[in-house]
Amino acid sequence: MGDEKSVKDATVWSGHRDMTLEDVAVIQPGLGRIMPEIGARTWKAYYAAKAGHWPLAKFQVKEIRGLMELGAFTRPKYEENLNQFLEENWKPIEEAIAKEDFAAFDALFNKAIEAANAFHELRDKWFIKWKLPSQPPPDLDLTPRKK
Ligand code: HEM
(Lines give C-alpha, C1' and ligand atoms only; values in the text may rest on other atoms or scores of the structure.)
Protein backbone atom coordinates (compact mmCIF):
# COMPACT_ATOMS: atom_id res chain seq x y z
CA MET A 1 0.00 0.00 0.00
CA GLY A 2 2.28 2.78 1.26
CA ASP A 3 5.18 1.69 -0.90
CA GLU A 4 3.23 2.03 -4.18
CA LYS A 5 5.10 4.29 -6.57
CA SER A 6 3.25 6.55 -8.96
CA VAL A 7 4.35 7.05 -12.56
CA LYS A 8 5.49 10.54 -11.48
CA ASP A 9 8.29 8.98 -9.47
CA ALA A 10 9.43 6.68 -12.26
CA THR A 11 12.75 7.57 -13.77
CA VAL A 12 14.35 6.74 -17.09
CA TRP A 13 18.05 6.57 -17.89
CA SER A 14 19.07 9.08 -20.58
CA GLY A 15 22.45 7.54 -21.16
CA HIS A 16 23.92 10.20 -18.87
CA ARG A 17 21.60 10.44 -15.84
CA ASP A 18 18.24 9.39 -14.42
CA MET A 19 15.31 11.62 -15.33
CA THR A 20 11.69 11.76 -14.20
CA LEU A 21 8.96 12.24 -16.81
CA GLU A 22 8.68 15.81 -15.56
CA ASP A 23 12.39 16.39 -16.19
CA VAL A 24 11.94 15.07 -19.72
CA ALA A 25 8.97 17.42 -20.28
CA VAL A 26 10.67 20.51 -18.83
CA ILE A 27 13.72 20.26 -21.10
CA GLN A 28 11.72 20.29 -24.34
CA PRO A 29 12.74 23.35 -26.39
CA GLY A 30 10.75 26.59 -26.27
CA LEU A 31 10.93 29.45 -28.77
CA GLY A 32 14.14 30.77 -27.21
CA ARG A 33 15.87 27.62 -28.47
CA ILE A 34 13.86 27.05 -31.65
CA MET A 35 13.85 30.57 -33.14
CA PRO A 36 17.63 30.96 -33.66
CA GLU A 37 17.49 27.80 -35.78
CA ILE A 38 14.53 29.20 -37.70
CA GLY A 39 16.58 32.35 -38.39
CA ALA A 40 19.55 30.33 -39.71
CA ARG A 41 17.31 28.21 -41.95
CA THR A 42 15.46 31.30 -43.23
CA TRP A 43 18.82 32.72 -44.31
CA LYS A 44 19.62 29.46 -46.11
CA ALA A 45 16.18 29.25 -47.73
CA TYR A 46 16.47 32.73 -49.21
CA TYR A 47 19.89 32.30 -50.78
CA ALA A 48 19.10 28.79 -52.00
CA ALA A 49 16.04 30.15 -53.84
CA LYS A 50 18.04 33.10 -55.17
CA ALA A 51 20.68 30.73 -56.54
CA GLY A 52 17.96 28.57 -58.12
CA HIS A 53 18.81 25.61 -55.86
CA TRP A 54 15.12 24.78 -55.34
CA PRO A 55 15.48 21.37 -53.61
CA LEU A 56 17.50 23.05 -50.84
CA ALA A 57 15.05 25.98 -50.54
CA LYS A 58 12.17 23.50 -50.30
CA PHE A 59 13.97 21.52 -47.60
CA GLN A 60 14.76 24.58 -45.45
CA VAL A 61 11.21 25.92 -45.67
CA LYS A 62 9.82 22.49 -44.68
CA GLU A 63 12.20 22.30 -41.72
CA ILE A 64 11.04 25.78 -40.59
CA ARG A 65 7.41 24.62 -40.77
CA GLY A 66 8.33 21.62 -38.60
CA LEU A 67 10.16 23.82 -36.08
CA MET A 68 7.16 26.17 -35.83
CA GLU A 69 4.84 23.20 -35.30
CA LEU A 70 7.17 21.96 -32.57
CA GLY A 71 7.12 25.42 -30.93
CA ALA A 72 3.32 25.54 -31.16
CA PHE A 73 3.23 22.22 -29.28
CA THR A 74 5.80 22.95 -26.57
CA ARG A 75 4.55 26.54 -26.06
CA PRO A 76 0.77 26.55 -26.70
CA LYS A 77 0.57 30.28 -25.85
CA TYR A 78 2.18 30.89 -29.28
CA GLU A 79 0.17 28.26 -31.16
CA GLU A 80 -2.36 30.65 -32.70
CA ASN A 81 0.29 33.16 -33.89
CA LEU A 82 2.50 30.44 -35.36
CA ASN A 83 -0.40 28.75 -37.15
CA GLN A 84 -1.55 32.08 -38.58
CA PHE A 85 1.96 32.79 -39.86
CA LEU A 86 2.23 29.31 -41.41
CA GLU A 87 -1.11 29.65 -43.15
CA GLU A 88 -0.89 33.28 -44.32
CA ASN A 89 2.83 33.70 -44.99
CA TRP A 90 4.58 30.33 -45.23
CA LYS A 91 2.12 28.42 -47.42
CA PRO A 92 2.39 30.95 -50.31
CA ILE A 93 6.19 30.71 -50.06
CA GLU A 94 5.98 26.92 -50.31
CA GLU A 95 3.81 27.35 -53.42
CA ALA A 96 6.28 29.79 -55.05
CA ILE A 97 9.08 27.30 -54.41
CA ALA A 98 7.03 24.49 -55.97
CA LYS A 99 6.67 26.69 -59.09
CA GLU A 100 10.37 27.67 -58.94
CA ASP A 101 9.28 31.31 -59.25
CA PHE A 102 11.93 33.53 -57.66
CA ALA A 103 10.15 36.85 -58.32
CA ALA A 104 7.08 35.60 -56.42
CA PHE A 105 9.26 34.02 -53.71
CA ASP A 106 11.22 37.26 -53.19
CA ALA A 107 8.10 39.41 -52.75
CA LEU A 108 6.46 36.85 -50.42
CA PHE A 109 9.67 36.43 -48.43
CA ASN A 110 9.88 40.16 -47.69
CA LYS A 111 6.22 40.17 -46.62
CA ALA A 112 6.79 37.13 -44.38
CA ILE A 113 9.73 38.76 -42.61
CA GLU A 114 7.66 41.89 -41.99
CA ALA A 115 4.90 39.67 -40.55
CA ALA A 116 7.41 37.73 -38.40
CA ASN A 117 8.80 40.94 -36.94
CA ALA A 118 5.25 42.20 -36.34
CA PHE A 119 4.65 39.00 -34.32
CA HIS A 120 7.84 39.69 -32.37
CA GLU A 121 6.45 43.13 -31.51
CA LEU A 122 3.01 41.74 -30.68
CA ARG A 123 4.57 39.24 -28.23
CA ASP A 124 6.66 41.90 -26.46
CA LYS A 125 9.84 40.97 -28.32
CA TRP A 126 9.99 44.34 -30.13
CA PHE A 127 13.78 44.27 -29.67
CA ILE A 128 14.03 41.19 -31.93
CA LYS A 129 13.95 42.33 -35.56
CA TRP A 130 15.20 39.63 -37.92
CA LYS A 131 17.05 40.78 -41.03
CA LEU A 132 18.41 38.90 -43.96
CA PRO A 133 22.22 38.75 -43.84
CA SER A 134 23.75 40.51 -46.85
CA GLN A 135 25.88 37.48 -47.77
CA PRO A 136 24.84 33.89 -48.54
CA PRO A 137 25.45 31.29 -45.80
CA PRO A 138 29.07 30.14 -46.05
CA ASP A 139 28.52 26.52 -45.01
CA LEU A 140 26.36 25.12 -47.83
CA ASP A 141 27.07 24.71 -51.52
CA LEU A 142 24.25 26.60 -53.28
CA THR A 143 25.06 25.43 -56.80
CA PRO A 144 21.69 24.66 -58.42
CA ARG A 145 21.37 20.92 -59.08
CA LYS A 146 18.85 18.11 -59.15
CA LYS A 147 19.49 14.56 -58.03
C1 HEM B 1 10.50 33.13 -40.60
C2 HEM B 1 9.98 33.80 -39.58
C3 HEM B 1 10.73 34.12 -38.32
C4 HEM B 1 12.05 34.33 -38.15
C5 HEM B 1 13.17 34.36 -39.20
C6 HEM B 1 12.26 34.57 -36.73
C7 HEM B 1 13.48 34.81 -36.12
C8 HEM B 1 13.71 34.86 -34.77
C9 HEM B 1 15.01 34.86 -34.15
C10 HEM B 1 16.35 34.77 -34.90
C11 HEM B 1 14.82 34.91 -32.82
C12 HEM B 1 15.87 34.82 -31.72
C13 HEM B 1 16.73 36.01 -31.59
C14 HEM B 1 17.91 35.67 -30.69
O15 HEM B 1 17.70 35.36 -29.51
O16 HEM B 1 19.04 35.70 -31.19
C17 HEM B 1 13.38 34.98 -32.58
C18 HEM B 1 12.77 35.01 -31.34
C19 HEM B 1 11.42 34.93 -31.11
N20 HEM B 1 10.44 34.80 -32.06
FE21 HEM B 1 10.73 34.65 -34.07
N22 HEM B 1 11.04 34.51 -36.08
C23 HEM B 1 10.08 34.22 -37.02
C24 HEM B 1 8.72 34.09 -36.80
C25 HEM B 1 8.11 34.19 -35.57
C26 HEM B 1 6.69 34.05 -35.37
C27 HEM B 1 5.64 33.79 -36.45
C28 HEM B 1 6.45 34.20 -34.04
C29 HEM B 1 5.10 34.12 -33.41
C30 HEM B 1 4.87 33.69 -32.19
C31 HEM B 1 7.75 34.41 -33.40
C32 HEM B 1 7.97 34.61 -32.04
C33 HEM B 1 9.20 34.73 -31.44
C34 HEM B 1 9.39 34.85 -30.01
C35 HEM B 1 8.31 34.83 -28.95
C36 HEM B 1 10.77 34.96 -29.81
C37 HEM B 1 11.51 35.08 -28.46
C38 HEM B 1 11.82 33.70 -27.93
C39 HEM B 1 12.24 33.74 -26.50
O40 HEM B 1 11.37 33.71 -25.65
O41 HEM B 1 13.45 33.76 -26.26
N42 HEM B 1 8.71 34.41 -34.37
N43 HEM B 1 12.74 34.93 -33.78
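The model is a predicted one. Gly71 belongs to helix H3.

Leaving aside neighbours within four places in sequence, the contacts of Gly71 are Leu31, Ile34, Tyr78 and Leu82. Ile128 is 57 residues from Gly71 in sequence, and the two C-alpha atoms are 17 Å apart in space.

## Packing of H2 and H3

Two packed helices are described by the angle between their axes and the distance between the axes. For helix H2 (residues 31–51) and helix H3 (residues 54–74), the angle is about 160° and the axes are 8 Å apart. H2 is therefore roughly antiparallel to H3, since angles over 145 degrees count as such. The crossing of H2 past H3 is left-handed.

On the H2 side, the contact is made by Leu31, Ile34, Glu37, Ile38, Arg41, Thr42, Lys44, Ala45, Ala48 and Ala49. On the H3 side, Leu56, Ala57, Gln60, Val61, Glu63, Ile64, Leu67, Leu70 and Gly71 take part. By class, the residues of this contact comprise twelve nonpolar, three polar and four charged.

## Surroundings of the ligand

There are 19 residues around the ligand, and Gly32, Met35, Gly39, Phe85 and Ala116 come nearest. Two or more residues of this shell are given by each of H2, helix H4 (79–98) and helix H5 (102–122). H2 supplies the largest share, seven residues.

The shell around the ligand consists of twelve nonpolar, five polar and two charged residues.

## Residues with positive phi

Most residues other than glycine have a negative phi. Glu100 is not a glycine, yet its phi is positive, about 55°. This residue lies in the loop between H4 and H5. Glu100 counts as partly exposed because it has 14 C-beta neighbours inside 10 Å.

Asp124, also a residue other than glycine, has a positive phi near 60°. Asp124 is found in the segment after H5. With 8 other C-beta atoms within 10 Å, Asp124 is exposed, because the limit for that class is 12 or fewer.

Conventions:
Residues are numbered from 1 along each chain as its sequence is written. This is a predicted model: local features need pLDDT of at least 70, side-chain atom pairs count only at pLDDT 80 or more; totals for chains, interfaces and linings use all residues. Axes are lines fitted to C-alpha atoms, for helices over the stretch in contact, and angles run from 0 to 180 degrees between N-to-C directions. Helices (H or I, at least four residues) and strands (E, at least two) are DSSP runs, numbered from the N terminus. Angles under 35 degrees count as roughly parallel, over 145 as roughly antiparallel, 65 to 115 as roughly perpendicular and the rest as oblique. A crossing is left-handed if the near helix is turned anticlockwise from the far one by less than a right angle, and right-handed if clockwise. Two residues are in contact if their C-beta atoms, placed from the backbone, lie within 7 Å. Ala, Val, Leu, Ile, Met, Phe, Trp, Tyr, Cys and Pro count as nonpolar, Asp, Glu, Lys and Arg as charged, and the others, Gly among them, as polar. A residue is near a molecule or strand if its C-beta atom, placed from the backbone, lies within 6 Å of it. A residue is buried if 20 or more other C-beta atoms lie within 10 Å of its own, exposed if 12 or fewer, and partly exposed in between; C-beta atoms are placed from the backbone.
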